[in-house]
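Trainee: I have a new model open and would like to learn how to read it. Could you take me through it feature by feature?

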Amino acid sequence: MKRRDFLKAGAVAAPATMLAAPAIAQGKVEWKLPTSFPAKAPGVGTNVTSFAQRVEAMSDGQLTLKVFSGGELVPPFGVEDAVEQGTAEIGHSTPYYAASKNSALHFFSAVPFGMTAVETTAWLRYGGGQELWDGLYAERGLKPFYSGNSGVQAAGWFKKPVTNLNDLAGLNMRIAGLGGEAMRKLGVNAVMLPPPEIFPSFQSGAIDAAEWVGPMLDQAFGLQKVAKYCYVPAFHEPSAALEIVVNKEAFDSLPAHLQAVIANAAEAVSVETTAQFDYYNAVAMQKLKEDGVTFATFPEDVMAALKKAVGEVMDENAEANPTFAEVRKSYDAFLGLAADYASLVKVSTFTQRL
C-alpha cells in the first residue's frame, strides 16, 4: 500500500447532504459510512472496510455500507456529528475525536497511564464501561460499538533526541487526547491534526514532533522519512479504541437480525484489528530499526513530569465535568483491580513496561 494513495483518499472534504431516510429498495438497506481515517490505511482503514464487508456478507446483502474515506463526505473530526445529524446513518472513528462534546469520551478511546487493550475490553464488557458509554451517547441519539484497538502506541517522533525536560519546551507537536493537555503543561505547543495532515505538516516543519499510532501506521505514513528518533511506549495511549457509531433512530428502525449483524461484525473486527496491530507493529519496528530509526524511552525527568501533569489534567477535567468524574470512578476502580491481578500472576502491565 503506497502512502500517497491513502493520504490522497482523505485529503479533500466534500460538502455533506442530509438524508431524509435510509435508501431502501427491494428489502435492501443502503447506508453511508464515513470514517475519520484514510480508508486504505492499514489498521484504522482496514478496520472499517472489513466491518462493511462483514456486514454485507452476514446480512446476505440486505444491509450494505458505502465507506467514505476521511474527508470525503465529512471532515475527519466530524463523523459523530454527521451520524447524529443524519448526514450518515453510521460512522467509524475514535471517541476522543468528539471530546469537545464531553471530555468523558476520552475514557472510551485512551487514558494516559491507563488500561491496556485487553483491560479496556474487559472493562467495557464486564465492568460497566459499555453501559456508561451507551448512556453518554444516547444523549446525542447515538449507539456506540467497540470495534478494535491499536494496543500500546508510540509516544512520538522527534527530529532530535530528547535528553531532558528542557528539550520539549517550545516544540510544536501533533499529539492527541489528554496526552496533549499534559504536554502543554510541559511547555509543548500541542496541536491536534487530522491523520492526512500529519506527514505534510511534519515534513514542512509546521510541527517539530509527531505522535500518530505506532510502527505499522507510522511507517505507512512515512514519519521515518522526516525523523529518526521514535520514543516508546506512549505514556498517553497504552491502548486506543476504535468505534462504530450508529444513529440510534436508524439503528432502532432495523429488524433485530440486522441489529445483531452490526453488533457481531463490530466484535469480529475488534479481534481482527487488535491482532493485526500486534503482529504488524512488531514486523514494522524491525524494519524501521534496519532503516536506522532509534527507538528509546523518555528520560526519567520527562516521565516524572508527565505523570505529575497527567494527574493534574485528570483532576481538572473531573472537577469541571461531573460525567468525567463518574466515568473516571468506574475506570479507575477496574484499573486498580487489573493492576493488582497482573502483579500477582506476573502478567506484564503497561505501567511495568515504563
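Predicted model: local features only at pLDDT ≥ 70, side-chain atom pairs only at ≥ 80, totals over all residues.

Trainee: Is Leu-217 buried or exposed?

Mentor: Leu-217 is buried, with a relative accessible area of 0%. Helices (H or I, at least four residues) and strands (E, at least two) are DSSP runs, numbered from the N terminus, and Leu-217 belongs to helix α8 (residues 215–221). A contact means heavy atoms within 4.5 Å. Leaving out residues up to four places away in sequence, Leu-217 touches Ala-41, Pro-42, Val-44, Trp-212 and Phe-277.

Trainee: What does Asn-47 touch?

Mentor: Not counting residues up to four places away in sequence, Asn-47 touches His-92, Ser-147, Gly-148, Leu-242, Val-269 and Thr-273. Asn-47 sits in helix α2 (residues 44–58) and counts as buried, at 0% relative accessibility.

Trainee: How many helices and strands does the protein chain have?

Mentor: There are 13 helices and 12 strands in the protein chain. The radius of gyration is taken over C-alpha atoms, and the globule rule is 2.2 Å times the number of residues to the power 0.38. Here the radius of gyration is 20 Å, close to the 20 Å that the rule gives for 354 residues, so the protein chain is as compact as a globular protein of that length. Of those 354 residues, 55% count as buried. Among contacts between residues at least 6 apart in sequence, 79% join residues at least 24 apart.

Trainee: And the aromatic rings?

Mentor: A pair of aromatic rings is described by the distance of the centres and the angle of the planes. Rings of Phe, Tyr and Trp (its six-membered ring) pair if their centres lie within 6.5 Å; planes under 30 degrees apart count as stacked, over 60 as edge-to-face and the rest as tilted. The count by this rule comes to 18 aromatic pairs. In one of them, Trp-123 and Tyr-331 are edge-to-face, at 5.2 Å centre to centre with 80° between the planes.

Trainee: Why does this pair tie together parts that are apart in sequence?

Mentor: Trp-123 lies in helix α4 (residues 117–126) and Tyr-331 in helix α12 (residues 322–345), so the pair ties together parts that are 208 residues apart in sequence. Trp-123 is buried at 0% relative accessible area, and Tyr-331 is buried at 2%.

Trainee: How should I read the backbone?

Mentor: Most residues other than glycine have a negative phi, and most peptide bonds are trans. In this model, Asp-60 has a positive phi, near 55°; Asp-60 is in the loop between α2 and β3 (63–68) and counts as exposed, at 73% relative accessibility. Phe-113 also has a positive phi, about 55°, but Phe-113 is buried, with a relative accessible area of 15%.

Trainee: Which residues does a cis peptide bond join?

Mentor: Val-232 and Pro-233, with omega about -10°. Pro-233 is found in the loop between β10 (229–231) and β11 (241–247).

Technical notes. Residues numbered from 1 in each chain as written. Heavy atoms only, no water. Buried < 20%, exposed > 50% of the residue type's maximum accessible area, 1.4 Å probe, protein only.
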